[in-house]
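Me: I have a structure open and would like to learn how to read it. Please take me through it step by step.

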Amino acid sequence: MLKNLKVKEIMTNDVITVSPEEDVVFAFEKLMKYKISALPVVQDKKLLGIVTASDLGHNLILDNYELGTTVEKAMVLDVACVQPDDDLSSAVNKMKEHGSEGGIVNQLVVIDDGEIKGILSDGDIIKALKTDS
């Protein structure tokens with residue numbers, strides 16, 4: 001089943017992004033407002049990194065950011081990406097490869113010709129599996 005579905009068939013097309021100059025507090029508020037787990041960091045349509053709700057929330061709670069800390073200082077540079085025509089099996093493998101300590105990354109940025117086309121989350125995959133059964 002995972003090999004039969006393509007990323008483009010289940011990905012979220014309308015990607016909410018953040019600029020590197022954005023304050024981490026406002027980026028976290030955006031994550032909460034839209035109930036999403038990650039924001040690709042974009043400047044001039046170019047993917048620079050990613051920030052996640054768990055990373056930002058954890059560090060905000062622990063007061064690890066100085067007042068005015070920008071997303072650029074908090075973002076992860078090694079972004080796990082897939083292409084729209086990749087199958088879900090390879091996407092799941094990529095989530096495992098980029099996970100730390102036996103975990104997975106919860107989302108993959110979908111890139112085609114250097115542009116963000118969507119985002120694929122673990123929730124998107126679960127919905128697809130649930131729909132198919």
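Reply: Start with burial. Buried means under 20% relative accessible area, exposed means over 50%, and partly exposed lies in between (1.4 Å probe, protein chains only). Helices (H or I, at least four residues) and strands (E, at least two) are DSSP runs, numbered from the N terminus. This is a predicted model: local features need pLDDT of at least 70, side-chain atom pairs count only at pLDDT 80 or more, and totals for chains, interfaces and linings use all residues. Residues are numbered from 1 along each chain as its sequence is written, and side-chain values use heavy atoms, with hydrogens and water left out.

Me: Which residues of helix H3 are buried?

Reply: H3 spans residues 53-61, and its buried residues are Ala53, Leu56, Gly57 and Asn59. Their cover includes helix H2 (24-34), strand S2 (46-52) and helix H4 (71-74). Just after H3, Asp63 has a positive phi of about 60 degrees.

Me: Where is Thr69, and what does Thr69 touch?

Reply: Contact means heavy atoms within 4.5 Å. Thr69 sits in the loop between H3 and H4. Leaving out residues up to four places away in sequence, Thr69 touches Glu22, Asp23 and Val24. Thr69 is buried, with a relative accessible area of 12%.

Me: How do I read a pair of strands?

Reply: Two strands pair if DSSP finds at least two bridges between them. Here S1 and S2 pair in the antiparallel sense over six bridges. Val42 stands opposite Leu47 in S2. The two strands form a hairpin with two residues between them, and Asp44 in the turn has a positive phi of about 55 degrees.

Me: Why is strand S1 largely enclosed by the rest of the structure?

Reply: Because five of the six residues of S1 (residues 38-43) are buried.

Me: What is a nonpolar core?

Reply: In soluble globular proteins, nonpolar side chains tend to be buried together. A nonpolar core is a set of buried Ala, Val, Leu, Ile, Met, Phe, Trp, Tyr and Cys residues joined through side-chain atoms within 4.5 Å. The largest one here has 15 residues; Val7, Ile10, Leu108 and Leu120 touch the most other members. Helix H1 (7-10), helix H5 (88-98), strand S4 (107-112) and helix H6 (122-132) each supply at least two residues of this core. H5 gives the largest share, three residues.

Me: Which residues are in the second core?

Reply: That separate core has 13 residues, including Val18, Val51, Leu56 and Ala74.
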